[in-house]
Amino acid sequence: MNKTALCMPMLLLAGLAAPAQAQDPGACPRLPADTGLTWEHRGSGNSDFCRALRGDGSEAFGLYIAAESPFEPKRGNREEQGRIDGRSVQWYRAEIAIRPNIEAREALVELDDGRVAHIWLQSPSGEQLDRAFQLTESLQFGPDRSTQVAAGQ
């Protein structure tokens, strides 16, 4: 497991701390409106960092979109298989040293524009992990952001 990859959300937030105008959720994938989630977005150069936030401000899942991902899957950490935006994905078990009771997963999705999306989720229970899988299955990556539907946009 690449421990650096799990630190990415914190590193990106620190490194990409930007003014409010940088919060363009249109760079993030589409979510159905009924998820109750809103996007927090930070962009830098040709990369996008997106966090799907619940109404209470907690993170449902996050993703990093760029030409390359720092996440390097390890075959021994394979767990669930799934689908995101019609694409087959392999979820990998992640470990968070300071939170050993958290179920964490990571996956990579190759996008049509040649970039890759590194998606991660963390849940305190198997039931909440299943809900996070359902939420990520509903993501839609695509070039047309004008029809994006998500709460708060």
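The structure is a predicted model, in which local features need pLDDT of at least 70, side-chain atom pairs count only at pLDDT 80 or more, and totals for chains, interfaces and linings use all residues. Residues are numbered from 1 along each chain as its sequence is written, and side-chain values use heavy atoms, with hydrogens and water left out.

**Overall fold**
- The chain has two helices and seven strands, where helices (H or I, at least four residues) and strands (E, at least two) are DSSP runs numbered from the N terminus.
- Along the sequence, these elements follow the pattern α-β-β-β-β-β-β-β-α.
- Of the 153 residues, 46% are buried, meaning under 20% relative accessible area (1.4 Å probe, protein chains only).

**Nonpolar core**
- A nonpolar core is a set of buried Ala, Val, Leu, Ile, Met, Phe, Trp, Tyr and Cys residues joined through side-chain atoms within 4.5 Å.
- The largest such core has 25 residues, of which Trp39, Phe61, Leu63, Ile119, Leu139 and Phe141 touch the most other members.
- At least two core residues come from each of S2, S3, S5, S6, S7 and helix H2.

**Asp48**
- Asp48 lies in strand S2 (residues 47-53) and is buried, with a relative accessible area of 11%.
- The side chains of Asp48 and His41 form a polar contact of 2.6 Å; the term denotes a pair of N or O atoms within 3.5 Å, and within protein one must be able to donate a hydrogen and the other to accept it, while residues adjacent in sequence count only if both atoms are side-chain atoms.

Key:
Buried means under 20% relative accessible area, exposed over 50%, partly exposed in between (1.4 Å probe, protein chains only).
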